[in-house]
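Subject: Structure handover

Hello,

Here is the structure for you to look over. My notes come after it.

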Amino acid sequence: QVQLVESGGGLVQAGGSLRLSCAASGFTFRLYVMAWFRQAPGKEREFIATITESGGGTYYADSVKGRFTISRDNAKNMVLLQMNSLKLEDTAVYYCAARYSGSPQYHYWGQGTQVTVSS
């Protein structure tokens, strides 16, 4: 069955870095646009970054542009999120998601990984 499994979350001090990973299985990964979202307590889920099927194109939310980098390895069915210069407001549960090329909706979601940034 389809699975997206995030890992790499944890507790980090403000200004630090974390790298999140998302391992995909059960679907043809190279045909899917991948993205990261996050949801902080009491807030709606927020788009963070997306990457095209081949990895040749990326797009970021303004809140993370210049600090976060999304990448993917189609040979390993993995998508990564490198997070640098973390801020307190980056604290959230981070989710990876997949949508089939040309579809407006994300079909598959992971269970999320907690990122907590402390002062």
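What follows is a short account of the findings, from sheets to side chains.

This is a predicted model: local features need pLDDT of at least 70, side-chain atom pairs count only at pLDDT 80 or more, and totals for chains, interfaces and linings use all residues. Residues are numbered from 1 along each chain as its sequence is written, and side-chain values use heavy atoms, with hydrogens and water left out.

**Sheet and strand pairing**

Some terms before the strands. Strands are DSSP runs of E with at least two residues, numbered from the N terminus. Two of them pair if DSSP finds at least two bridges between them.

L18 has M83 as its bridge partner in strand 8.

Strand 11 (113-118) also deserves a look. Strand 2 (residues 10-13) runs parallel to strand 11, with four bridges between them. There Q13 is partnered by S118. Strand 9 (92-100) runs antiparallel to strand 11, with three bridges. V93 stands opposite Q114 there.

**Core**

In soluble globular proteins, nonpolar side chains tend to be buried together. Buried means under 20% relative accessible area, exposed over 50%, and partly exposed in between (1.4 Å probe, protein chains only). A nonpolar core is a set of buried Ala, Val, Leu, Ile, Met, Phe, Trp, Tyr and Cys residues joined through side-chain atoms within 4.5 Å.

The largest nonpolar core holds 29 residues. Which of them touch the most other members? They are W36, V79, L81, M83 and Y94. Strands that each supply at least two residues of this core include strand 4 (32-39), strand 5 (46-51) and strand 11.

Contact means heavy atoms within 4.5 Å. Leaving aside neighbours within four places in sequence, M83 is in contact with residues including L18, R67, Y94 and V115.

R67 sits in the loop between strand 6 (58-60) and strand 7. Is R67 buried or exposed? At 11% relative accessibility, R67 counts as buried. Beyond its neighbours within four places in sequence, R67 is in contact with Q82, M83, N84, S85, L86, K87 and D90.

**Disulfide**

A disulfide is a pair of cysteine sulfur atoms within 2.5 Å. The count by this rule is one. C22 and C96 form it, with sulfur atoms 1.9 Å apart. C22 lies in strand 3 and C96 in strand 9, so the pair ties together parts that are 74 residues apart in sequence. The torsion about the S-S bond of C22 and C96 is about 40 degrees, so the disulfide is right-handed. Both C22 and C96 are buried.

**Aromatics**

Rings of Phe, Tyr and Trp (its six-membered ring) pair if their centres lie within 6.5 Å. Planes under 30 degrees apart count as stacked, over 60 as edge-to-face, and the rest as tilted. The structure holds 10 aromatic pairs. One of them is F27 with F29, tilted, at 6.3 Å centre to centre and 50 degrees between the planes. F27 is buried at 11% relative accessible area, and F29 is buried at 2%. F27, F29, Y32, Y100 and Y108 form one aromatic cluster.

**Positive phi**

Most residues other than glycine have a negative phi. Two residues here have a positive one. N77 has phi near 55 degrees and lies in the loop between strand 7 and strand 8. N77 is partly exposed, at 23% relative accessibility. S85 has phi near 50 degrees and lies in the loop between strand 8 and strand 9. S85 is partly exposed, at 41% relative accessible area.

Best wishes
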